[in-house]
Amino acid sequence: MMRTFALLRAAGVCAVAVLACSLASAQGVGALGAAAVVESDETSLVMERSGRVRETVRREIVVLSAAGRERHGVIALGHDAFRRVRKLEGEIRDAQGKTVRSLRRDDVEDYPATASYSLYDDSRVRVGQLYHDTYPYSVVWEYEVEHEGLLNWPTWLPVRGEDPVLRASLTVDVPEGTALRYAGERFAAEPAERAERGRAIYEWTVTDHVQPFEPLGPPWRDQVPALHLTTDRFELAGHAGSLASWAGLGQWYHTLAAGRDDLPPQAVADVERLVAGVASPRERARLVYEYLQQSTRYVSVQLGIGGWQPFPASYVYERRYGDCKALTNYLGALLAVAGVPAFPALVGHDRPDLDPDFPRNAFNHVVLFVPLADGDLWLEATSQTIPFGSLGAGSENRWTLVVEPGSGRLVRTPTSEAEDNTQVRRAAIRIGAGGTADVVAETRYRGHQLNSVRDALAQRSPEEQRVWWERGLDLPVSRLQVSLDRDEVVTATFEAPRYAVKAGSRFLFRPNVLERWTAVPPTTEHRTQPVDLGYPFADTDSVLITLPTGFEVEAVPDPVTIETPFARYASATTVGEGTLTYTRSVAVRAQRLPPEDYDAYRAFVAAVVRADEEQVVLKRE
């Protein structure tokens, strides 16, 4: 179908009309489930002598359904001190190719691209909206963005989602002699090249591409074709640097931060008093880190070069806030007073990992690297709740650029194991005569699981904490109270009105009330993507169930053990005097599995779901 579509398009036949006809055939793209088809996506990057890059994009999409309407009826363009939107146009064409609507001024709005934790930010987003309700139709978007400074060349994504792409092209036009470097991911990156009037022109094309998005696949940016561009030399707000090597980028960042680590005398005195008599560098680092968490908070400040250059350490001490760069710089200055050398490390938090052989700006966050004799230490300066020595899940197991005086080098962040991210729960359930259960559960968390809980409960009202816990339960509850104590234990008490279901003279209930798996991934054929499992973890549950008076146990689930190379599950129910004890443990030891292991992982999940559904049967004595 896509080949036929391309031939008809080349012959001048209206794209929308071709698809309108194809919908009547079982061979059509619409019949295959596509909500839209990207007929063409043309991007041009022109580098001017001044160092600016002009990005021009023209995109034409044939919309086939309401889902395609929602995906392609809106466009959002980010802009700031280094990116200026020079043009944004759009139009809708009906099935005969006639323009029925063009983008008007009141179809476009411009918003601050800020969050609640942002104090000063010149980032904004321009949003245009064009919708139509008679299918099929086409929407055409055209825009131009001017980029100042060559640190952040736009990454070319010829495929931006799940819709088929008939043709996408990129043209890069630079002055001859420019050291343009490029690296492709998931497609051949070699361009067609030509020279014209002192310019070097590079062209890439992707045609007839259908992107399979599979369940439990990596983030979509890790799946689609991508082309990264950069030049050896760059300049940002008058600060020149080199991207010919990682050391060059590290030197540039170090120069930006140089001289910004001076602390007021009072801050120096605070640290000296804090670490007095403490011999261990790791323990001194812990005391300083906790001092940071207790006395500062994260606030984003992104103005011009301030998106890269940290505010002075004295600024943070006086105001008690800063962004990731400022807080990391401040923490490094405090540690220096404590006699613990530390270095900022640029990281792409929650981004695809960088290519060590292709120096470029792949970073959006800064953490602190502390090399110690008893093992390297990594510190996240922006969180008031993350444990000492931990990084968020989005910053682990990836390359960072550690910035050292006048240089920089790649260092990989550690990878957590299942035993580092644990959830250990002890619960007591008392079943009443009518089947209602009173539940008290105490849960201790570690690692990334603790980070998630702290984020969910810290600085939230009791009502918000109640809602958070209730969403994790698969049964109606009442009188729910949740608290998080200083020892990282979450205590929840609640009533489950319909915990045990009456069936004649019997009661039926699931002993696993707090941590059930309920969904099995769908089947797939010809799996091509790796299986993304997130961070490894280990959960353990022990539940003591007190039976209602006048009932005895008739049946309990059989013990279950499921062992695979990547995960393990075990559950068992034992009968006591008027009680049951239910134990359950599950550990997923892998972060990512190869495509061929998808069916094995799916089978493991299905077996866990079956085991978690098993019920206890009580009968009257």
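Biologist: Which residues do ring pairs link into a cluster?

Modeller: In this predicted model, the cluster joined by ring pairs consists of Phe234, Trp252, Tyr253 and Trp308. The structure holds 19 aromatic pairs.

Biologist: Why is the pair of Tyr182 and Trp204 called edge-to-face?

Modeller: The ring centres of Tyr182 and Trp204 are 5.3 Å apart and the planes stand at 75°. Centres within 6.5 Å make a pair, and planes over 60 degrees apart count as edge-to-face; therefore the pair of Tyr182 and Trp204 is edge-to-face. The pair links distant parts of the chain, with Tyr182 in strand S11 and Trp204 in strand S13, 22 residues apart.

Biologist: What makes Trp204 buried, and what makes Tyr182 partly exposed?

Modeller: Buried means under 20% relative accessible area. Trp204 has 2%, so Trp204 is buried. Tyr182 has 21% relative accessibility, so Tyr182 counts as partly exposed.

Biologist: Why is the pair of Tyr289 and Phe388 called tilted?

Modeller: The planes of Tyr289 and Phe388 are at 55°, with the ring centres 5.9 Å apart. Stacked requires under 30 degrees and edge-to-face over 60, so the pair of Tyr289 and Phe388 is tilted. Tyr289 belongs to helix H6, and Phe388 to the loop between strand S22 and strand S23, 99 residues apart. Tyr289 is buried at 0% relative accessibility, whereas Phe388 is partly exposed at 24%.

Biologist: How do you know that the charged end of Arg320 is within reach of the ring of Tyr317?

Modeller: The distance cut-off is 6 Å from the ring centre. The charged end of Arg320 sits over the ring of Tyr317, 4.4 Å from its centre. Arg181 lies over the face of Phe358, at 5.1 Å from the ring centre.

Key:
Residues numbered from 1 in each chain as written. Predicted model: local features only at pLDDT ≥ 70, side-chain atom pairs only at ≥ 80, totals over all residues. Heavy atoms only, no water. Phe/Tyr/Trp six-rings, centres within 6.5 Å; stacked < 30°, edge-to-face > 60°. Helix = DSSP H or I, 4+ residues; strand = E, 2+ residues; numbered from the N terminus. Buried < 20%, exposed > 50% of the residue type's maximum accessible area, 1.4 Å probe, protein only. Lys NZ or Arg CZ within 6 Å of the ring centre and 35° of its normal.
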